[in-house]
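User: Hi! I would like to learn how the words used for a structure follow from its numbers. Could you take me through some examples?

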Amino acid sequence: MADRLKVAIVGSGPAGLSASAHAASLRLPHVLLERTDHASDTIYKYQKGKFVMATPDILPLRSDLSFRAGKREKILDDWDEGLASCGGRIRYNADVTRIAKEGDTFHLTLAGGDTLKAENVVMAIGLQGNINKLRCDGAELPIVQYQLDDPNEYEAETIVVIGAGDAAIENAVALSKQNAVIIVNRRAEFARAKQGNLSLIHSAIDKGDIQCYYESSPLLVDASGITLETADGEAHVSCDRIIARLGASPPRKFVEACGIEFPSDDRAALPEVSPRYESNIPGLYIIGALGGYPLIKQAMNQGYEVIEYIAGNDIAPADEPLLVDKFAAMGEVNVNEVLQAIRKTIPVFASLNTLLLREAMLDSQVHDFKEGQTIFKRNDYSDTFFTIFVGQVGIQISAEDPSMVVTLREGEFFGEMGLISGRRRSATVVAATDCVVFETPRRTMLKLIQSVESVKRTLDKTSILRQIQTYLTPGVPAQDLEELVESAEIQNFKAGETIFEQGDIGNHMHLIRSGSCTVSMKIGGRDVVLSYVPSGNYIGEMALLSEMPRSATVRAAHNTETICLSGEAFSAVLNNNATVRDNIEAKFRERIKQNEQMEGRPEAGNVIQFLIEQGVGEGTDVLLINEALCIHCDNCEKACAETHDGLSRLDREAGPSFASIHVPTSCRHCEHPHCMSDCPPDAIHRAPDGEVFIDDSCIGCGNCESNCPYKVIQMASPPESKFDLFGWLLFGRGPGPGEEVAYEAEVKRNSRFNGSDSAQGGVIKKAVKCDMCKELVGGASCVRACPTGAAARVSPEEFMTLATLSR
Amino acid sequence: MHESLLIYRNMRYLKWSLALVAIACGLYIFHTPIEEPNGGTWLGYTLGTIAAGIMFWLSWYGARKRSYGGATGRLEDWASAHVYLGLALVFISTLHSGFQYGLNIHTLLYVLMMIVVISGVFGLYFYMRFPRLLAENRRGLTTDMMLNQIADLDRDLRKHALSLGDESAHIVLNAVQNTRIGGNISRQLSGKDVDCPTSAARRFVEQFEGGHDESTRRQLVTRLTKKEDLLGRVRKDIKLRCLLQIWLFVHVPFTFATLAALIAHVIVVFYYW
Ligand SMILES: Cc1cc2nc3c(=O)[nH]c(=O)nc-3n(C[C@H](O)[C@H](O)[C@H](O)COP(=O)(O)OP(=O)(O)OC[C@H]3O[C@@H](n4cnc5c(N)ncnc54)[C@H](O)[C@@H]3O)c2cc1C
Ligand code: HEM
Ligand code: HEM
Ligand code: SF4
Ligand code: SF4
């Protein structure tokens with residue numbers, strides 16, 4: 001078969017480009033197919049002049065193309081040249097729409113109908129997905145565009161913006177400064193957008209800055225404008241430009257259509273691949289961001305390696321030396337043997353394939369603890385996960401009596417409770433013998449839980465028992481709980497979803513393992529919030545004990561996971577354990593009393609409701625300002641700026657207020673920080689005292705900024721060096737007042753900020769946010785600088801209680 | 001969790017100050033100097049020295065307030081102690097002087113100090129009272145938001161003015177263009193504008209008959225009334241925020257004057273000794 005290629009590479013991001021370059025240097029017949037008319041669309045779309053980082057620094061680059069941290073433009077040019085000079089074959093405007101395997105040949109269909117045949121396919125299409133296009137005639141006319149780089153480029157035009165999401169709103173509002181803007185919304189309201197954008201668009205429409213067509217959709221585009229189908233019939237709108245922002249559909253559908261399987265329905269799940277990046281379809285390989293490797297260098301290395309594997313060479317992955325280093329703590333060892341041993345000893349990791357296990361171990365730390373050494377302490381805020389490879393550890397389950405110890409042995413894990421709940425450690429753990437322990441970061445574990453079914457299963461099974469023992473029935477041995485654990489089921493609730501309703505017949509109870517809930521009651525036809533229940537507590541026991549219908553409604557305050565337990569099994573446990581029964585009944589009476597008091601204080605309930613809406617409920621440490629004390633001196637902001645390179649991470653005045661409590665725009669240090677969920681270099685962490693902070697490895701992609709629902713992250717350039725009057729007057733040091741900063745000085749400043757060589761310049765912006773002044777002794781400077789006691793950092797658990805609210 | 005500086009830490013600094021004052025009074029009562037009690041006795045010197053120490057420490061507060069990262073502890077500790085020790089200073093220095101006042105530099109020092117203290121008491125009263133008034137007045141809006149709403153109303157009013165007759169258009173445009181917010185100190189402090197063009201326009205439009213259709217008139221009245229309300233609130237906001245600061249323009253300069261007089265007092269005392 002002459003026209004069959006050895007390999008077809010789909011997608012020309014760093015992964016695809018590197019694969020193509022290597023295929024060319026190994027002289028494999030190949031082609032690189034790219035949907036757009038340029039290479040590496042994801043990077044092409046970065047902000048102009050963006051400084052691209054080459055994280056992680058320790059990972060060596062293995063590719064025929066070069067890659068060093070530097071300006072976007074330079075990197076893209078280098079790659080184009082590099083690919084051409086080693087003879088890589090790239091075909092632009094080749095959107096692959098179908099990949100099917102017949103016999104041992106893949107047939108690739110391109111948009112437009114062309115087909116290609118290849119023995120192997122490398123999928124490197126990244127995660128950006130397909131931009132949704134207009135579904136009407138004229139969708140491809142030049143008057144229509146699907147992206148907007150710089151709204152200031154356009155002036156005095158009539159522009160139609162189509163869409164109702166954040167991107168459409170942001171574009172429309174930005175364009176309306178210099179143009180006549182018309183926005184087209186398929187629905188009767190803007191429901192999908194963030195709160196801030198909602199108020200922007202509503203006020204722009206009210207003011208008449210933007211005209212809006214509600215319940216309208218495009219029928220036809222021609223060179224003069226667009227015809228809409230509106231509620232009152234067709235309407236033609238003449239315009240100079242149409243900008244359609246209809247979102248992107250994730251690539252998963254396409255990938256699944258090619259026959260590739262995903263281990264779960266979870267949004268974050270990744271397709272499963274072999275150590276050689278091969279999917280469940282032999283000959284079809286997956287690399288780069290699509291395979292779960294979100295950084296450029298990783299993608300390039302995989303491009304190189306996958307071609308080696310296809311060519312039949314068994315090379316060790318680029319990270320081999322890193323693993324050798326990592327395992328050095330255990331003495332002279334062979335990496336493969338250690339990996340084998342890990343699989344054999346540690347059940348959670350047993351089912352991981354070599355690739356995932358290598359990745360997990362690369363991210364993990366290997367600790368060599370001596371007997372008696374403390375691994376972590378009760379009430380620490382760390383969120384890592386530990387597995388025991390050699391030796392034993394002791395869990396001190398009682399805060400009062402450190403001699404009450406549960407011993408865990410080789411192969412067992414601990415630390416999962418902090419990982420699941422996002423809260424403080426519930427026990428102190430000490431090395432019981434000399435031991436070797438792996439500490440795996442939160443992100444790596446979440447990735448494994450989401451993409452490997454058996455990891456989730458193993459983890460859940462043990463953690464359910466442990467959570468029941470810790471929070472519900474302390475002191476009851478595991479064998480007495482078998483039936484209860486058997487009945488347990490993990491349930492998920494979205495923010496605002498009802499867990500059970502007042503008046504329902506209750507035959508279950510719930511133990512909240514992550515998130516939190518509100519308890520409310522209908523009083524005079526209105527829902528009155530009675531209390532806030534954080535994770536680590538149970539709910540629904542009242543109906544079981546009193547054998548009456550549910551006396552209140554419980555709703556998830558935000559994303560919440562509960563362990564749902566059968567009422568029967570629970571009663572059986574209570575009947576056999578008098579102390580547990582007494583404790584639970586005491587709490588039951590306490591709750592009834594509290595509910596009664598709260599019913600008489602609807603204002604306190606309203607405050608709880610307000611705080612929950614502001615995301616205080618999912619925070620761990622939230623800055624609240626008492627308006628009855630705040631004199632608006634802004635000393636808090638000044639202190640923040642003064643201690644954080646001149647840029648305050650707190651906006652005191654912004655943000656809503658209710659009943660004298662003001663929630664300023666400032667980080668809540670969420671239990672499960674949204675900002676962490678999509679950070680390519682894993683630069684966002686939680687410190688032992690709970691503060692969520694961003695470290696130097698930030699690559700400035702801006703994901704966290706858009707993921708934080710509370711808008712507290714800013715993308716900032718490196719700090720201006722402070723003007724040094726003394727040095728300037730006496731020694732002529734630095735630029736004078738108002739003078740331009742010298743270029744070299746600028747570069748030096750950038751490279752210091754950046755932690756790497758950036759002599760090539762470029763725009764460096766990094767994410768900055770509140771870190772609770774963790775570098776300073778004495779705690780957050782905003783609170784310390786407040787003269788009147790108006791500013792306080794509170795934990796929602798303590799704050800949202802009757803005792804505090806009724807003061 | 002939120003504690004005003006008066007009750008901060010269970011009023012620890014009030015207790016300290018009371019103890020200090022009690023000891024000073026006790027000593028003063030039992031102390032029987034050869035002459036009348038005055039600053040020249042051993043007790044006088046002791047109390048004078050304590051008073052001067054407190055004086056310098058209180059003045060240092062301005063510097064402490066602005067040292068952000070380096071300093072440890074909470075500023076509220078300092079603020080709370082500042083208030084209570086500042087009040088204790090009145091007693092200590094009075095006992096020190098042995099009630100010997102006259103027309104001299106010593107009494108000048110005493111008077112200057114009292115001005116600082118009294119302005120401090122005013123400031124404290126403002127701090128305790130105004131934040132709540134400020135918040136109530138704002139009803140959840142910030143000053144900027146209120147100003148933005150006013151700007152929006154102005155845009156509307158301008159549009160409506162186009163369809164009016166000359167005289168009425170003039171009055172409405174006058175309300176748009178010549179309504180003033182803030183201004184010099186006395187205007188800021190007054191919190192209102194007695195001849196506010198917006199109120200004038202509202203009154204004018206309310207009494208207007210014929211000429212326009214009723215719906216325009218209604219629209220104008222609604223907008224002007226809304227603007228009047230917002231103006232009232234913004235002006236009150238400015239007034240309160242102004243009051244929250246203005247006393248410092250007495251407190252701080254007189255602090256420096258007091259320090260100067262204190263040094264002069266000490267020099268004079270030693271010179272004439
Ligand atoms: C704003 C931003 C800043 C970032 N900054 C950095 C940084 O500084 N350093 C760093 O290491 N990482 C950074 N990243 C991450 C980095 O961009 C990605 O990890 C990397 O681009 C992934 O490479 P890839 O080859 O897997 O996929 P991509 O780069 O996404 O490439 C996929 C390519 O496939 C094409 N394609 C898709 N579908 C098809 C199809 N059906 N047919 C044909 N072609 C198709 C696309 O057009 C695209 O060109 C950043 C990400 C963002 C969003
Ligand atoms: C805030 C600090 C002080 C205040 C407000 C203050 C005030 C006064 C007053 C009002 C008098 C009475 C004057 C008179 O007798 O006519 C006085 C007397 C005196 N003070 Fe002070 N004083 C202060 C600090 C000091 C200090 C620090 C010293 C010495 C180190 C001092 C030494 C004296 C002496 C010696 C006298 C007696 C002078 C005399 O009788 O002529 N005072 N002081
Ligand atoms: C002689 C005695 C006093 C001296 C020298 C003194 C000095 C000062 C100084 C220098 C400041 C700093 C102002 C600034 O920089 O913003 C200050 C602030 C203040 N003082 Fe005094 N003071 C004295 C007495 C008092 C008293 C008796 C009170 C109240 C009863 C008081 C209340 C205050 C208050 C409320 C502030 C403002 C705090 C803040 O906004 O941070 N002072 N004082
Ligand atoms: S930055 Fe936003 S998402 Fe992240 S912890 Fe803070 S408030 Fe939560
Ligand atoms: S911008 Fe945010 S998400 Fe992106 S790398 Fe930096 S910290 Fe991570």
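Predicted model: local features only at pLDDT ≥ 70, side-chain atom pairs only at ≥ 80, totals over all residues.

User: Why is A:Asn537 called buried?

Analyst: Its relative accessible area is 17%. You will find A:Asn537 in the loop between β32 (526-534) and β33 (538-539) of chain A.

User: What makes B:Arg129 partly exposed?

Analyst: Here the relative accessible area is 40%. Partly exposed lies between the 20% limit for buried and the 50% limit for exposed, so B:Arg129, at 40%, is partly exposed. B:Arg129 belongs to helix α4 (residues 105-138) of chain B.

User: Which backbone oxygen does the side chain of A:Asn537 reach?

Analyst: That of A:Pro534, at 3.0 Å. A polar contact asks for N or O atoms within 3.5 Å, so the 3.0 Å pair meets that distance limit. Leaving aside residues up to four places away in sequence, A:Asn537 also touches A:His510, A:Leu511, A:Ile512, A:Lys587 and A:Arg591.

User: Which residues are around ligand 4?

Analyst: Among them are A:Cys667, A:His669, A:Cys670, A:His674, A:Cys675, A:Cys708 and A:Lys769. By class, this shell has eight nonpolar, two polar and two charged residues. Cys counts as nonpolar and Lys as charged, so A:Cys667 falls in the nonpolar class and A:Lys769 in the charged one.

User: How many charged residues does the shell around ligand 5 have?

Analyst: None: the shell divides into ten nonpolar, three polar and no charged residues. Of the 13 residues around ligand 5, those that come nearest are A:Cys679, A:Cys698, A:Cys701, A:Gly702 and A:Cys704.

User: Why is an interface described by an area?

Analyst: Its size is often given as the accessible area lost when the parts come together. Chain B and chain A bury about 2700 Å² between them, 60% of it on carbon and sulfur atoms. In chain B, the residues that lose the most area to chain A are B:Met1, B:His2 and B:Tyr68, together 33% of what that side buries.

User: What do the two domains of chain B bury between them?

Analyst: Domain 1 (12-139 + 250-272) and domain 2 (143-244) bury about 1000 Å². Their C-alpha centres lie 47 Å apart, and eight residues of domain 1 are in contact with ten residues of domain 2.

Notes:
Residues numbered from 1 in each chain as written. Chains lettered and ligands numbered in written order. Heavy atoms only, no water. Helix = DSSP H or I, 4+ residues; strand = E, 2+ residues; numbered from the N terminus. Buried < 20%, exposed > 50% of the residue type's maximum accessible area, 1.4 Å probe, protein only. Polar contact = N/O pair within 3.5 Å; in protein donor to acceptor, adjacent residues only side chain to side chain. Contact = heavy atoms within 4.5 Å. Near = heavy atom within 4 Å. Domains from an automatic or database assignment. Buried area = accessible area lost by both parts, 1.4 Å probe.
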